[in-house]
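Hi,

Here is the structure I promised to pass on. Have a look at it first, and then read my notes below.

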Amino acid sequence: MNFLRLAWAVAAKDLRSEVRSKETINASLSFALVILLLFSFAFDPDSEQIREISGGLLWLVFAFAGTLILNRSFARELVNDCLDALIASPASGAQLFLGKCLGNYVLLLIVECLCLPIFAVFYNIRVPRSLALLFLVMLLGTWGITVIGTLFSAMTVNLRLREIMLPSLIYPMLIPALMGSIHLSTILIAGDPLAADDQIWFRVLVGFDLIFTILSLGLVEIVLVG
Amino acid sequence: MRLKIILVLSVLSGALLAWNLHTMFLNVPDEANQGAVFRIIYFHVPSAITSMIGFYAGMFAGIAYLARKDLRFDAFAASVNEVSLVFATITLITGSIWGRIIWGIWWTWDYRLTSYFVCWLMYLGYLMLRRAIDEPTTRARLSAVLSIFACVDIVLVWKSIEWYRTQHPGPVLSIRNGGGMAPGMEAPIYWNLLALAMLAAVLTIMRMRQQTMQREIDSLRRYAHAF
């Protein structure tokens, strides 16, 4: 219980600081809007084709906007050596990591929930019947992005080319989670029923989340402390 | 001692490669449907297997570094991953040439091609990460973690992309229940795998020597700067 309490203290600190400054969420949201605008030039936004690629577009927006949040996650602690203070605090590496993950997860979900209606308005997408399932996909897919992104954010925090390194390292890693999320989101946004074969993608998402959460919690101490 | 190993392995690998080239070009007949171009499999498949063995050897060396904190394990991990990336590149290029002739296209987003390309990108990231870190122990630590993540992810990427329809030919080796090849045509694949594996070992050992020397030069440079 103490484990979760300390992790939540880290997450609450991050979220409180974000509520006060709003710098990451504003940057991430405006970047997401820019990507949504750019998509309208890449293909005909009024065509029926949009339904077939809607899941892909949506998750590209989430993945790109998410990188901005994840990049700042540990980088914001560099000022005044706050990262050293956090590492020296009673919170273990795993608690620190879980706290950071939860903070990023909430922020990314807020950006996604704001983007979803804007995406629907811009590209004439009707509210899907199975909205709850779409939210479930968002919860699972976003946790995958967050858990890998937060660990790699910790790995790259002190690097010269941090902003470039993080996306080039995490996107290939995220392929299984992104594939599952894109596949399921496309079906759900189009309003089609999920076939038995599609259920496997839920298992892929849950498996991906579980494996990398356990692996990250086990290895984060090595990444942060050595 | 290490020099002798390099020398022996180089000679063996060179001789075996020459013998394999003789067998595959002069003794093995053209394939009924594909013609002469099928011979690309003798380099494509062994390169792919060598690279995957190398990537996993790199992961185990990374784990060994994390357990023992001995930089020799890191030097091995870095060298073997670098060499494996070269073999992975050879696999992609040879596959692409074969695809152009047989399929009529250089590339298709088939599951094996996609997952192999994802794997290639991960290890490109591995080398980028190593170049971006100057401090040897931090570099060893973080690249070991990345290597573990990459090796676990390769399996997930492979399985998840496999559920999409595939265009790549099915297993052809009898050990993978493929059995689509005549034994006489299949044997050179294993001989070339041995030759390429020995070549990879030679290159890894040579690269390890360079890594060790580089570390010594860096420490001497730091020592010189201290005065």
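**What I found**

K69(B) counts as partly exposed because it has 13 C-beta neighbours inside 10 Å (buried means 20 or more other C-beta atoms within 10 Å of the residue's own, exposed means 12 or fewer, and partly exposed is in between, with C-beta atoms placed from the backbone). K69(B) sits in the loop between α2 (41-68) and α3 (71-102) of chain B; helices here are DSSP runs of H or I with at least four residues, strands are runs of E with at least two, and both are numbered from the N terminus. Its phi is near 55°, a positive value in a residue other than glycine.

Before going on, a word on conventions: this is a predicted model, in which local features need pLDDT of at least 70 and side-chain atom pairs count only at pLDDT 80 or more, while totals for chains, interfaces and linings use all residues. Residues are numbered from 1 along each chain as its sequence is written, and chains are lettered from A and ligands numbered from 1 in the order in which they are written.

Chain A has a residue of this kind too. Phi of N80(A) is near 55°, again positive in a residue other than glycine. N80(A) lies in the loop between α3 (49-75) and α4 (82-88) of chain A, and it counts as exposed, with 8 C-beta neighbours inside 10 Å.

As for chain B as a whole, it has 6 helices and 0 strands. Its C-alpha trace spans about 70 × 40 × 30 Å along the principal axes, and buried residues make up 33% of its 227 residues.

Now to where the chains meet. In all, 22 residues of chain A are in contact with 20 residues of chain B (contact means C-beta atoms, placed from the backbone, within 7 Å). On the chain A side, α7 (162-173), α8 and α9 each give two or more residues, and α9(A) has the largest share, 8 residues. That side has 18 nonpolar, 3 polar and 1 charged residues; Ala, Val, Leu, Ile, Met, Phe, Trp, Tyr, Cys and Pro count as nonpolar, Asp, Glu, Lys and Arg as charged, and the others, Gly among them, as polar.

Of its 16 residues, 14 are buried, so α8(A) is largely enclosed by the rest of the structure. Just after α8(A), G191(A) takes a positive phi of about 80°. How does α8(A) pack against helix α5 (residues 136-162) of chain B, and at what angle? The angle is about 30°, with the axes 8 Å apart (axes are lines fitted to C-alpha atoms, for helices over the stretch in contact, and angles run from 0 to 180 degrees between N-to-C directions). The contact is made by I175(A), P176(A), M179(A) and G180(A) of α8(A) with L156(B), V157(B) and S160(B) of α5(B).

W201(A), in helix α9 (residues 199-224) of chain A, is buried, with 23 other C-beta atoms within 10 Å. Leaving aside neighbours within four places in sequence, W201(A) is in contact with G180(A), H183(A) and L184(A).

Enjoy exploring the model!

Best wishes

Conventions
Two residues are in contact if their C-beta atoms, placed from the backbone, lie within 7 Å.
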